[in-house]
Amino acid sequence: MEAVPARARAYIACVAAAALLCLLPAVRASWWEAALLAALYAGCERAAARWRFAGTFHPVLLAGAFLLPPPAAALVALPGALLSPVEQRPRWLRRVWRAAQLAVGVWAASRVHGALGGRDAVVASDFPYALVPAGAAVLVFCLVLSLLDGGILALADRIPVRRAWRGLFLHSLAPVAVHGLAGLMMAVLWRSPYGPVAALLVLLPMCVSWWVFAQYHRERAAHQATIRALVQAVDIKDEYTRGHSERVGQASMMIARELGMDDSRTEVLRFAGILHDVGKLGVPTRLLRKDGPLTPEERRVIELHPEYGHEMVRGISFLGEARAAVLHHHERLDGSGYPYGLMGTQIPESARVVAVADAFDAMTSTRSYRRARPVGAALAELERCAGSQFDPRMVTALVRALSRHGWHPAVTADETDVPPPRPGVAGRLGARR
Amino acid sequence: MSGGQETGAVSKTSRRCSWLQVLVHSSAALLALGSLTCTLWTGLEEPGTALAFGVLVAVGELNRRSGPHVREAAPLGAAGALSYALLGENAGAPTHHGAVQVVTIVLAASLVGSVPHVGRGQGPTADQQARRMLTVGFAAVCFQPLYNQGTFAHWGGPAYALLLLALLSLTALCDAVLAAALAHSRTRWPFAPLLRDELRALLGIGSAVVATGAVMALAVAVAGLWALPVFSVPLLLTQLAVRRYAAVRATNRQTIASLARATEIAGYTPAGHARRVAALSREVGRDLGLTRPELAVLEYAALMHDIGQLSLVDPVPAGATADLPVAEQRRIALLGGAVVRQTGVDAAVAVVVERQADPCREQPTAARIVRAVNAYEEKARDAGPGGPLTALEELRLGTAGDYAPEVVEALARVLSRDCLTSAVTG
C-alpha cells in the first residue's frame with residue numbers, strides 16, 4: 001500500500017468509527033483490571049518489537065475478552081496497538097487501522113463469551129464447560145479479524161475477496177486457538193485466589209516459544225544466504241555463467257509445478273536447479289575460462305563436475321532427491337550421457353527435470369562464444385531432442401508453463417541481500433530490519 | 001616438558017569424577033527404590049490424581065527427542081513431574097500424597113514412557129534418569145512435608161504462587177549444577193563454562209518448564225485435573241519451536257560443512273582437512289573455557305578458514321598456508337572473510353577468518369586457536385608416526401610471534417588426553 005486509495009481510507013474510517021462505538025458505553029466495572037491488562041499488552045508489544053519476537057500477544061487480548069465486559073475488553077487493545085512501532089508508511093494510518101481492528105475483534109469475542117455465560121464459568125472455574133464459550137469467542141475473534149483483513153486487502157491491494165478471506169481465516173485459526181487456550185488459563189488464574197501474579201506466569205512459555213520462532217526465522221534466512229554463497233563460489237570461478245544457476249532453479253520449479261508436484265518437492269527441485277553445477281568448483285579455473293575448443297582430455301576433466309558436485313552436497317540431508325539431480329543432470333534418455341550412461345527411467349525424475357531446465361537456459365542466455373537464442377527457437381530445439389536426449393514429459397511441461405506464465409528470469413546472482421522471511425500473522429515478521 | 005605432570009592430573013580428575021558419577025547414580029537409585037518400597041507398603045493416596053499426572057509424564061516422555069544439541073529432551077514430562085511434586089490442592093480440596101509417592105509415580109511413568117525409545121536404542125541415559133529422580137525428589141521433599149503439616153495454610157494466594165515459583169527456580173538451579181557436574185565428570189571439560197552454559201540454557205526452555213510446572217500446580221488447585229491437557233498446549237508449542245529451530249540449525253551446519261569442503265573438491269586442500277581442524281579447534285576451545293556461542297563461532301570459522309583459496313587461480317601446493325609468506329597468508333585470509341560475509345553466518349565468524357594470519361597478540365582468541373590448530377594439522381599430517389610431537393615442538397618454538405603460548409599448551413593437553421582415552425578404550 002504505497003499510496004492508500006481513497007476507498008481504503010474510507011473503509012478504515014468506518015472500522016475506526018465502529019471501534020469507537022464499541023468503546024463508548026460507560027462501564028463502571030473494574031477499570032483497574034482493564035488498565036493493568038492494557039499496560040501488560042502495550043509492554044509486551046514494545047518488548048516484542050525490541051527483541052524481534054515473532055508474535056502478537058493475542059493471549060493477553062483474549063484473556064481481557066474472557067475477564068471483562070465488552071467495552072472494557074476492547075479498551076485493552078488500544079494503547080498497545082496505537083503505540084506499537086510500525087516500519088512502513090503511512091504510520092499513523094496503520095496504527096489506527098490495527099487498533100480499530102483489534103478493538104472490534106476483541107469486543108465481538110467478549111460479547112459472544114459473555115452471552116454464553118463464559119464470565120461466570122471463569123469465576124467458578126467450571127471445567128470443561130468454560131471451554132465452550134472460550135472456543136466460540138476464539139472463532140468469532142478469528143472470523144472478525146480475517147473479515148476485516150480481507151476487506152482491506154481487497155480494497156487496497158485488489159486481491160479477490162473470496163480467496164483473501166478463506167486463506168486468512170484458515171491460516172490464523174490454529175495459532176489463535178492456541179492463544180485462546182493460554183488466554184483462558186490466564187483468565188481462570190486471574191480470578192483465582194492466586195491472582196494476576198499466577199496469570200502472568202502463563203505468558204512465559206508463550207514468550208519463550210515466540211523468541212525461539214524468531215531465532216528459527218533468522219537461522220532460516222542465514223541458511224538461504226549460505227546456499228547462495230555456495231552458488232557464488234561457482235560464479236567466482238566461472239564468470240560468464242553468472243545467474244545461470246538461479247535461472248535453472250526457476251525453470252526447474254516451473255516444470256515441477258506444472259507436473260503437479262507438492263510444494264516441498266517443488267522447493268527441493270528449485271535447490272536442485274540452483275546447485276546443479278556446484279561441482280564446477282572442482283574443475284580447474286583455467287579450463288572453465290578457456291575460450292578455444294577443448295581437447296578430449298580437457299573435456300573428460302570437465303565431465304567430472306557432476307560427480308564433484310554430488311560429493312559436495314551429499315552431506316546436506318534436506319536436499320533429498322536434489323542430490324541425485326546434481327549427479328545425473330547430464331545423463332541422456334538414450335544412454336549416451338555421463339557420468340553413468342543411464343537410460344530412460346533409470347535416470348531419476350529430478351535429474352530429468354533439471355536437464356531440460358539447464359539446456360533451456362543455456363540456449364536462451366548469451367555466452368562469450370554465441371548470442372542468445374529466442375525462447376521459441378530454444379523450445380523448438382528442446383522438442384526436437386525430446387525422446388533421445390530429454391524426457392518429453394518435462395519438455396511439454398516446460399512449454400505449457402512458459403505459455404501460461406511467460407519467461408521472466410530474475411537475475412539475482414549479484415544481489416547479496418537476504419530475502420525477508422514469510423510474513424506471519426498481521427505482518428509482524430515483515431518488520432525485520 | 002611437563003607431560004608427566006599433565007598425565008597425572010588428568011587421571012586424578014577422572015578418578016574423582018567417576019566417583020561423583022557413582023555417587024549421583026547410586027543416590028538416585030536408592031531414592032527410587034526406597035520410595036517404591038514405601039509406596040508399595042502404604043498404598044496410593046488419591047489414585048485418580050496420581051494416574052492423571054502419571055499419564056502426563058508418560059506422554060511427555062513418549063515425545064522425547066534426543067540429540068546432541070537438545071537441552072531438555074522431554075520438557076512436558078519434566079514440567080508434569082515438577083507440578084505433581086508441588087501439588088497441594090485439587091479443585092479446592094487438599095491433597096495428601098507425600099514426597100515418596102511423587103517419586104514413585106514419576107519413576108513408574110517415565111519408565112513406561114521410555115519403553116518405545118529403549119526399543120529403538122535411544123532411551124534416556126542413566127545420567128538423565130538420575131537427574132530427573134533427584135530433582136523431583138528435591139522439590140517434593142522441600143514442599144510436601146511442610147504443606148501436609150499445614151505450614152502454608154495461612155499464606156495468601158499470591159504469596160503461595162511466588163513460593164512455588166521460588167522453589168521451582170531453586171530446583172532448576174540445583175539441576176543445572178548437577179548437570180554441569182555430571183558433564184564435567186563424563187567429558188573432563190572445565191566445569192565453569194559447562195555450568196555457565198547450563199545456566200544460560202535455563203533462560204530458554206528451562207524457564208518455560210519451570211513456569212509451566214508452577215502454573216499447572218496452581219491451575220489444578222483451582223480447576224481440577226481438566227487443567228492438565230489445557231495447560232500442556234503452550235509448552236508443546238515451545239517444544240515444537242525448539243525442534244524446528246534445532247532442525248534448521250542442523251541443516252545450516254551441514255550446508256556450511258559442504259561449503260567448507262569446496263576447497264577440498266577444488267583440489268586446494270587435502271580431503272578432510274577442514275573437518276579435522278574444526279573438530280580439534282572445538283576441543284581446544286573447550287579446554288580454554290569458551291562458552292557455547294563462542295564455540296559455535298569457532299567451529300564455523302575453523303570449517304571455512306581456507307575458503308579464501310577459492311579465489312586463487314592456481315592452488316597453493318598441498319594447501320599448506322602455514323609456510324607461505326605472511327603477506328600472502330593475510331591476502332588469502334581477507335579473501336576468505338569476504339566469502340564468509342556472504343554466507344549469512346554470524347559476522348564474528350568472518351572476523352575470525354579474516355584475522356587468522358595476524359600476529360597472535362592482536363588476534364581474538366578464536367583466531368589464535370584456528371591459526372595454531374591449522375598449522376599443527378598441516379605439519380603433523382604427512383609426517384608419519386613422530387609427526388604430532390615434532391609439529392607441537394615446532395609450534396612451541398614459534399610461540400613468540402606466530403602462535404599464542406596458551407593455545408599451544410591447550411592443544412598439547414587435548415592431544416595428550418586423546419592419547420590417553422584411545423589407550424584406555426583401545
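How many Å separate the centres of domain 1 of chain B and domain 2 of chain B, taken over C-alpha atoms?

**View 1. The two domains of chain B in the predicted model.** The centres of domain 1 and domain 2 of chain B, taken over C-alpha atoms, are separated by 41 Å. Domain 1 of chain B covers residues 3-246, while domain 2 of chain B covers residues 266-425.

**View 2. The side of chain B that touches chain A.** Here 53 residues of chain B are in contact with 53 residues of chain A. On the chain B side, the elements giving two or more residues are helix 7 (157-187), helix 8 (191-223) and helix 9 (227-265), and helix 9 of chain B provides the largest share, with 24 residues.

**View 3. The largest nonpolar core, with residues from chain A and chain B.** Among the 152 residues of this core, those that touch the most other members are A:Ala103, A:Val106 and A:Leu189, together with B:Leu218 and B:Ala219. Helix 8 of chain B contributes the largest share of the core, namely 16 residues.

**View 4. The surroundings of B:Ala219.** When residues up to four places away in sequence are not counted, B:Ala219 touches A:Met185, A:Val188 and A:Leu189 of chain A, as well as B:Ala227 and B:Phe231 of chain B.

**View 5. A second, separate core.** This core consists of 103 residues, and its members include A:Leu230 and A:Val313 from chain A along with B:Leu259 and B:Ala278 from chain B.

Definitions and conventions:
Residues are numbered from 1 along each chain as its sequence is written. Chains are lettered from A and ligands numbered from 1 in the order in which they are written. This is a predicted model: local features need pLDDT of at least 70, side-chain atom pairs count only at pLDDT 80 or more; totals for chains, interfaces and linings use all residues. Domain bounds come from an automatic or database domain assignment. Two residues are in contact if their C-beta atoms, placed from the backbone, lie within 7 Å. Helices (H or I, at least four residues) and strands (E, at least two) are DSSP runs, numbered from the N terminus. A nonpolar core is a set of buried Ala, Val, Leu, Ile, Met, Phe, Trp, Tyr and Cys residues joined through C-beta atoms within 7 Å. A residue is buried if 20 or more other C-beta atoms lie within 10 Å of its own, exposed if 12 or fewer, and partly exposed in between; C-beta atoms are placed from the backbone.
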